[in-house]
Amino acid sequence: MNAVLAETTAQLRAVGCVYAEEEAAILVAAADSAAQLRELIGRRAAGEPLEQIVGHAEFDGTRVRLRHGVFVPRVRSQLLVREAATRTRPGDTVVDLCCGSGALGLALLRRVPGIDLTAADSDPAAVACARDNLGADRVFEGDLFDALPAGLRGRINVLLANVPYVASAHIDYLPAEARLHEPRTALDGGPDGLDIFRAVVAAAGSWLAPGGLLLSEITEAQADTAAEVVRRAGLRPGLCHDDELEATVVTATR
Ligand SMILES: C[S@@+](CC[C@H](N)C(=O)[O-])C[C@H]1O[C@@H](n2cnc3c(N)ncnc32)[C@H](O)[C@@H]1O
């Protein structure tokens, strides 16, 4: 290990970074000068997510560009992408709703080239970031389905919707990186965490094509309630879980 890397690792370790060596390598590679490296280390020491500092995240084998204040894609969301990929064919109409950086849509595009992908989010910073990743012409800004071109109604084969699903009372217990550096609107799903999921499911029936599939990440504890929400909306529920990723996905098929 060279001296700069060793020193950076030591500084990150001293402020409690668990993966100090890996993070040091990323910061050193991102800095153009010693002064800039000092600035980046300072921001990391103050708790800013590494991915927002360097402007990119690795997700499902894809490099995703990231902006300040935009939700950092989580490793566990690979389950959602993996499940979507097994049921997506080239040429399918795919929507990444609540897209954040657009990480999920981008990863699915890599796994299934040739999909017709549209993405949307209500947060202007997220929309700008998703446009960096997916191109300006396929990312729209607005509240849930209101953002989408009307022509997609009844035509969506695969609907990715990693909506905010943390129960409001649990927000205070999230790691500081999320609480302080990601917008509350990206995290807070209301009293039981499922408010936005309910809104998506309620409208999904009219936006999905016959046989079309909605996939949303939830917690394991929310699984029964989420499946019931899907059933009551007249869609067919399904659940997938991955112990290693600690991820749960609820699906709804029209
Ligand atoms: C948990 S983050 C997921 C981001 C991205 N899909 C990912 O997995 O990295 C939820 C996203 O939903 C967006 N969002 C919250 N409420 C929304 C709404 N009513 N309409 C559209 N987007 C919304 C937030 O701005 C945020 O980007």
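Modeller: The C-alpha centres of domain 1 and domain 2 sit 33 Å apart. This is a predicted model: local features need pLDDT of at least 70, side-chain atom pairs count only at pLDDT 80 or more, and totals for chains, interfaces and linings use all residues. Residues are numbered from 1 along each chain as its sequence is written.

Colleague: Where are domain 1 and domain 2 in the protein chain?

Modeller: Domain 1 is 3–46 and domain 2 is 75–253, with bounds from an automatic or database domain assignment.

Colleague: Okay, helices. What makes α1 and α2 oblique to each other?

Modeller: Helix α1 (residues 3–14) packs on helix α2 (residues 20–30) at about 125°, axes 8 Å apart. Angles under 35 degrees count as roughly parallel, over 145 as roughly antiparallel, 65 to 115 as roughly perpendicular and the rest as oblique. So α1 and α2 come out oblique. The crossing of α1 past α2 is right-handed (the near helix is turned clockwise from the far one by less than a right angle).

Colleague: Which residues of α1 and α2 meet?

Modeller: From α1, Val4, Leu5, Thr8, Thr9, Leu12 and Arg13 meet Ala20, Glu21, Glu23, Ala24, Ala25, Leu27 and Val28 of α2 (contact: C-beta atoms, placed from the backbone, within 7 Å). That contact splits into 8 nonpolar, 2 polar and 3 charged residues (Ala, Val, Leu, Ile, Met, Phe, Trp, Tyr, Cys and Pro count as nonpolar, Asp, Glu, Lys and Arg as charged, the others, Gly among them, as polar).

Colleague: Why is α5 called oblique to α6?

Modeller: The axes of helix α5 (residues 78–86) and helix α6 (residues 103–111) come within 10 Å and cross at roughly 40°. That is why α5 is oblique to α6. Leu80, Val81, Ala84 and Ala85 of α5 make the contact with Leu104, Ala107, Leu108 and Arg111 of α6. By class, the contact of α5 with α6 has 7 nonpolar, no polar and 1 charged residues.

Colleague: And how do you know that α9 is roughly parallel to α10?

Modeller: Helix α9 (residues 195–207) and helix α10 (residues 223–232) pack at about 25°, with axes 9 Å apart. Therefore α9 counts as roughly parallel to α10. Here Phe197, Arg198 and Val201 in α9 meet Ala226, Val229 and Val230 in α10. In that contact, 5 residues are nonpolar, none is polar and 1 is charged.

Definitions and conventions: Axes fitted to C-alpha atoms, helices over the stretch in contact; angles between N-to-C directions. Helix = DSSP H or I, 4+ residues; strand = E, 2+ residues; numbered from the N terminus. Contact = placed C-beta atoms within 7 Å.
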